Amino acid sequence: MIIKPKVRGFVCVTAHPAGCAAHVGEWISHVKSKGTLPNGPRKVLVIGASTGYGLASRVTAAFGSGAATLGIFYERPSEEGRTATPGWYNSIGFTRAAHAAGLYAKNLNGDAFSREIKAQALETIRKDLGQVDLVIYSLASPRRTHPATGAVHKSVLKPIGAPYTNKTVDTDKGIVSTVTIEPASEQEMADTIAVMGGEDWELWMNALAEAKLLAPGAQSVAYSYIGPEVTWAIYKNGTIGLAKNDLERAARNIDSLLKLNGGGRAFISVNKALVTQASSAIPVVPLYISILYKIMKAAGTHEGCIEQMQRLFAGQLYGASGPRFDEAGRVRVDDLEMRGEVQAAVAGIWPGVTTENLEALTDIAGYRSEFLKLFGFGLKGIDYEADSEPHMPML
Ligand code: NAI
């Protein structure tokens, strides 16, 4: 099968197996180029391990510290005439590279919110690893079936209290328009907290603790975003922000749990806005990212997922002086994004962006090429005209 990108709105419905493996290979090379992490993690559970920040965390643990990794994700395999999702191919690419380097790497593809996948993960850790010393929680999901009630909660990206109007861009068509998003209902707020809040992270950590599968001093990290005022109504002060507040609540509980387990800790790392499958679905944010990339590339401070996670591990989690916390107890690797001069430059460009000057004023070209890379397209050394085998069993 010759596999080409087929973009439909904010998703690409095809993925290239060799391209995805090459993308993971680039991340591995970056981590290796930064050298070994002294006192890094040894045995790591990554929940949400197949794309974005979770995959970058897994690559950093494995190739920066020689860690054994168990990855949990929810990806769709190929079907007749249809490629698998990129996370499927990324995970195969990662696992092959890890095995070739002599590292333990296993995968569980299924619903991390379910009791079944938790039970399978616990059993795999018990049998293969004994205990884990790091748990990364990096799920981004549109829905969650609650394990106790069976209710299906759907998350929404909406403002709270009042409608929100701002600029947005159709990244595929390059059209800048004004979008108005109606405020969320009480039910939608509760549903978004149920999906993207901290309850499931706590369920994971409590289950691991009860089964005595956490090594003394084990740590756990989940990811959040704050961003500039222009996105607050839809992010920080919107439904997803409510869920992130709940994630912070969970971090405090899990931190107490881990402190009692040999002096471990849990915290939230606030990461940079980046092109991922999750962020491309948020209104307004892709336009912000396109401007941000332009400014940060010009300043030489641009980072992608892998640079962010390598810096989190080397400079904070396993840094010589340990993590540095902000006033709310969070680690900030969004520091370069949030610099005053960067945000002032974004704010200067934002009001003037139109469909006509989008290419000139923003890095929409960089956004698009990053987006296609998520699906394995545009990688150096890949022959996209060649026949490609889309059906690959998970390793
Ligand atoms: P992503 O869409 O690239 O990755 C999501 C991961 O979750 C994938 O591995 C997917 O398979 C897995 N997943 C989703 N539903 C699942 C389920 N039911 N069971 C098992 N696995 C499931 O997302 P991204 O952007 O890396 O987000 C990860 C975290 O980072 C989220 O908490 C997000 O809010 C946060 N974050 C993202 C930023 C961004 O700009 N992309 C910025 C700062 C934080």
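This is a predicted model: local features need pLDDT of at least 70, side-chain atom pairs count only at pLDDT 80 or more; totals for chains, interfaces and linings use all residues.
1. Strand S6 spans residues 132-137. The strand is mostly covered, with six of its six residues buried.

2. S6 has a parallel pairing with strand S3, which takes in residues 43-47. Four bridges make up this pairing. In one of them, valine 46 has isoleucine 136 of S6 as its bridge partner.

3. S6 also pairs with strand S11, residues 214-224. These two strands run parallel and are joined by five bridges. Here valine 132 stands opposite leucine 214, a residue of S11.

4. S11 has a part in the ligand site as well: S11 and helix H2 (52-65) each supply at least two residues of the shell around the ligand. There are 29 residues around the ligand, and those that come nearest are Ser50, Glu75, Ala112, Lys244 and Thr276. By class, the shell divides into 14 nonpolar, eleven polar and four charged residues.

5. Which atoms of glycine 110 and aspartate 111 lie by a nitrogen atom of the ligand? For glycine 110 it is a backbone N or O atom, 3.3 Å from a nitrogen atom of the ligand. For aspartate 111 it is an N or O atom in the side chain, 2.9 Å from a nitrogen atom of the ligand.

6. Threonine 276 is among the residues that come nearest to the ligand. An N or O atom in its side chain is 2.6 Å from an oxygen atom of the ligand. On its own the ligand has 830 Å² of accessible area, and the protein covers 93% of that.

Definitions and conventions. Residues are numbered from 1 along each chain as its sequence is written. Side-chain values use heavy atoms; hydrogens and water are left out. Buried means under 20% relative accessible area, exposed over 50%, partly exposed in between (1.4 Å probe, protein chains only). Two strands pair if DSSP finds at least two bridges between them. A residue is near a molecule or strand if one of its heavy atoms lies within 4 Å of it. A polar contact is a pair of N or O atoms within 3.5 Å; within protein, one must be able to donate a hydrogen and the other to accept it, and residues adjacent in sequence count only if both atoms are side-chain atoms. Accessible areas come from the Shrake-Rupley method with a 1.4 Å probe; for residues, only the protein chains shown count as cover. Ala, Val, Leu, Ile, Met, Phe, Trp, Tyr, Cys and Pro count as nonpolar, Asp, Glu, Lys and Arg as charged, and the others, Gly among them, as polar.
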